[in-house]
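Please read the following briefing alongside the sequence and the coordinates.

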Amino acid sequence: MLNTKDLHRIFQKLDKNGDGLLSLEELNWLLEGIGVNFSLKELEYSVGKTSLNFDEFLLFYDSITKQNDDKNEILEEKDEEQDLAKAFNVFDLNGDGFISCEELQSVLARLGLWDETSGKDCRSMIYVYDTNLDGVLDFQEFKNMMLHAN
């Protein structure tokens, strides 16, 4: 994130005619340089005026970076969801969309995480997150279990 001093320096460089305002053309030149393409009409609609002073430029910068942060957050959530779906499929050995006690025990044993002498019952492990009490974990229940395990 750029600080105010850096943004002021950028603003001054963009303000080609030195009038203390960024025209839409000057602003559009910056946006195109970072891969954001607007027509001048779209940019005027987005900005709401034909030029920006420094304070308005700061607000515009904040709104652009906030939108980008929101997009990154959404992408991270999608990645997490995909990772959880892959993990779910590892446990769902028969592909029926549910993780049974036997499937859970089998995968944990293959991973070296199941010790029959420990006395732990996989049914009690499933029961904690089995919100609909059907004896198996669906994807949502598995997701809740994985997100609460951290």
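**Helix packing and overall make-up**

Helix H2 (residues 24-33) and helix H3 (residues 40-47) pack with their axes 10 Å apart and at an angle of about 100°, where helices (H or I, at least four residues) and strands (E, at least two) are DSSP runs numbered from the N terminus. The axes are lines fitted to C-alpha atoms, for helices over the stretch in contact, and angles run from 0 to 180 degrees between N-to-C directions. H2 and H3 are therefore roughly perpendicular to each other, on a scale where angles under 35 degrees count as roughly parallel, over 145 as roughly antiparallel, 65 to 115 as roughly perpendicular and the rest as oblique.

This is a predicted model, in which local features need pLDDT of at least 70 and side-chain atom pairs count only at pLDDT 80 or more, while totals for chains, interfaces and linings use all residues. Residues are numbered from 1 along each chain as its sequence is written, and side-chain values use heavy atoms, with hydrogens and water left out.

**Chain as a whole**

- The secondary structure of the chain comes to seven helices and two strands, and from the N terminus on the elements run α-β-α-α-β-α-α-α-α.
- Of the 150 residues of the chain, 27% count as buried, where buried means under 20% relative accessible area, exposed over 50% and partly exposed in between (1.4 Å probe, protein chains only).
- Among the contacts in the chain with a separation of 6 or more, residues 24 or more positions apart account for 44%, a contact being heavy atoms within 4.5 Å.

**Helix H2 and its neighbours**

- On the H2 side of the packing, Leu24, Glu25, Leu27, Asn28 and Leu31 meet Leu40, Leu43, Glu44 and Val47 in H3.
- Trp29 is also found in helix H2, and at 55% relative accessibility Trp29 counts as exposed.
- The C-alpha atoms of Trp29 and Leu14 are separated by 8.4 Å, with the two residues 15 residues apart along the chain.

**Salt bridges**

- The structure holds four salt bridges, each defined as a side-chain nitrogen of Lys or Arg within 4 Å of a carboxyl oxygen of Asp or Glu.
- One of them joins the side chains of Arg9 and Asp6 (2.7 Å, N to O); both residues lie in helix H1 (residues 4-14), three residues apart, about one turn of the helix.
- Arg9 is partly exposed, with a relative accessible area of 43%, and Asp6 is partly exposed as well, at 22%.
- Another salt bridge links the side chains of Glu56 and Lys49 (2.5 Å, N to O), with Glu56 partly exposed at 22% relative accessibility and Lys49 partly exposed at 33%.
- The side chains of Glu102 and Arg123 also meet in a salt bridge (3.5 Å, N to O). Glu102 lies in helix H5 (residues 101-110) and Arg123 in helix H6 (residues 122-129), so the pair ties together parts that are 21 residues apart in sequence.

**Helix H7 and Glu141**

- Glu141 is found in helix H7 (residues 139-148), where Glu141, Phe142, Lys143 and Met145 are buried.
- Although buried, Glu141 has no salt bridge, and the nearest side chain of opposite charge, Lys143, is 13 Å away; Lys and Arg count as positive and Asp and Glu as negative, while His and the chain ends are not counted.
- The side chain of Glu141 reaches the backbone nitrogen of Thr131 at 3.0 Å.
- Not counting residues up to four places away in sequence, Glu141 touches Tyr129, Asp130, Thr131, Asn132, Asp134 and Val136.
- Asp138 caps the N-terminal end of H7, with a side-chain oxygen 3.1 Å from the backbone nitrogen of Gln140.

Notes. A polar contact is a pair of N or O atoms within 3.5 Å; within protein, one must be able to donate a hydrogen and the other to accept it, and residues adjacent in sequence count only if both atoms are side-chain atoms.
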